[in-house]
Amino acid sequence: MTGTPRQLAREQTMRDIVRIGREQLASVGPADLSLRAVARELGVVSSAVYRYVRSRDELLTLLIIDAYDEMADEVDAALADAPTAPRAQLHALASAVRDWAVREPSRYALLYGTPVPGYDAPAERTTEPGTRVVMSLIAILEIAFAEGHVEHEPRRLARSVRRDLDAIRREYALTMPADLLSRGFAVWSGLFGAVSFDVFGQYGPGTFSDPAAFFEHQVDALADLVGLS
């Protein structure tokens, strides 16, 4: 760690603010986050905190970026440790997402739960961290297609859907066909839908005695959807 004492002190204060924000998120929820409460925990007057974080919305943005990045970092680490076979990579990505979400339910809810009333996440700050996991997923499919590990039967797409998917393919220089990319989006929504059902208890208590094993079954079904060998 390098920098002037003033810079280092500021960085530490920002880490403390985010840490306390996480604790508030778990105890009172995002709508009731309070910079005054953060100041009390830090042992400073409220005006001192406003020199670092301008508003509750700014704190929410910091917490969203922090959560997206931590989840994506864990996905990256899991992918690096997993076998390179595409199906194994998909399982590693999915399990890392679920493990983080189950461990951090309040932070997962901030990302994928009910929107916070009156708050709009600034796209210029949250889009990049918020798309890291899906870009890792698309990379798995792109490599699998390029290396012949996808059993792919072309499917007809509506003209408007194909136009949108082709625009995405051009933007990210993807070689996979549009209909495979469309199934990749289905895997994305299916994965986070399955995680959300787990985290928010939507299966009901006791429905599955081993939720993690059932989740692995769901991931296999998603791998089959895109034809991963």
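Predicted model: local features only at pLDDT ≥ 70, side-chain atom pairs only at ≥ 80, totals over all residues.
Residues are numbered from 1 along each chain as its sequence is written, and side-chain values use heavy atoms, with hydrogens and water left out.

Residues 34-53 are listed by UniProt as "DNA-binding region"; here the chain is 60% helix and 0% strand, and the end C-alpha atoms lie 11 Å apart. Helices (H or I, at least four residues) and strands (E, at least two) are DSSP runs, numbered from the N terminus.

A volume is the space filled by probe spheres (1.4 Å probe) set on the points, and grid points are joined across faces, edges and corners. The largest pocket has a volume of about 180 Å³, and its lining includes Ile64, Tyr68, Leu110, Pro115 and Asp120. Helices α4 (56-81) and α6 (105-112) each supply at least two residues of this lining, which divides into 8 nonpolar, 3 polar and 1 charged residues. In this count Ala, Val, Leu, Ile, Met, Phe, Trp, Tyr, Cys and Pro are nonpolar, Asp, Glu, Lys and Arg are charged, and the others, Gly among them, are polar.

The second largest pocket holds about 150 Å³ of space, and among the residues that line it are Val134, Ile168, Glu171, Phe185 and Trp188. Two or more lining residues come from each of α8 (132-146), α9 (159-171) and α10 (178-199), and the lining divides into 9 nonpolar, 1 polar and 1 charged residues.

Side chains of opposite charge can pair when their charged atoms come close. With a salt bridge taken as a side-chain nitrogen of Lys or Arg within 4 Å of a carboxyl oxygen of Asp or Glu, the count comes to 19 salt bridges. Burial is given as relative accessible area (buried under 20%, exposed over 50%, partly exposed in between; 1.4 Å probe, protein chains only). Aspartate 16 and arginine 19 meet at 3.6 Å, N to O, and they are 3 residues apart in helix α1 (residues 5-28), so that about one helical turn separates them. Aspartate 16 is buried at 19%, whereas arginine 19 is partly exposed at 40%.

Aspartate 73 forms a salt bridge with arginine 132, the closest N and O atoms being 2.8 Å apart. Because aspartate 73 lies in helix α4 and arginine 132 in helix α8, this pair ties together parts that are 59 residues apart in sequence. Aspartate 73 is partly exposed at 42%, and arginine 132 is partly exposed at 24%.

Within helix α10, arginine 183 and aspartate 179 lie 4 residues apart, about one turn of the helix, and their side chains meet in a salt bridge at 3.4 Å, N to O. Arginine 183 is buried at 7%, and aspartate 179 is buried at 5%. Salt bridges that share partners also join Arg22, Asp66, Glu70, Glu104 and Arg107 into one network.

Key. UniProt positions renumbered as here; feature names shortened; annotations may be inferred. 1 Å grid on protein atoms, 1.4 Å probe; cavity = no way out; pocket = protein on both sides within 12 Å on 5 of 7 lines; lining within 4 Å.
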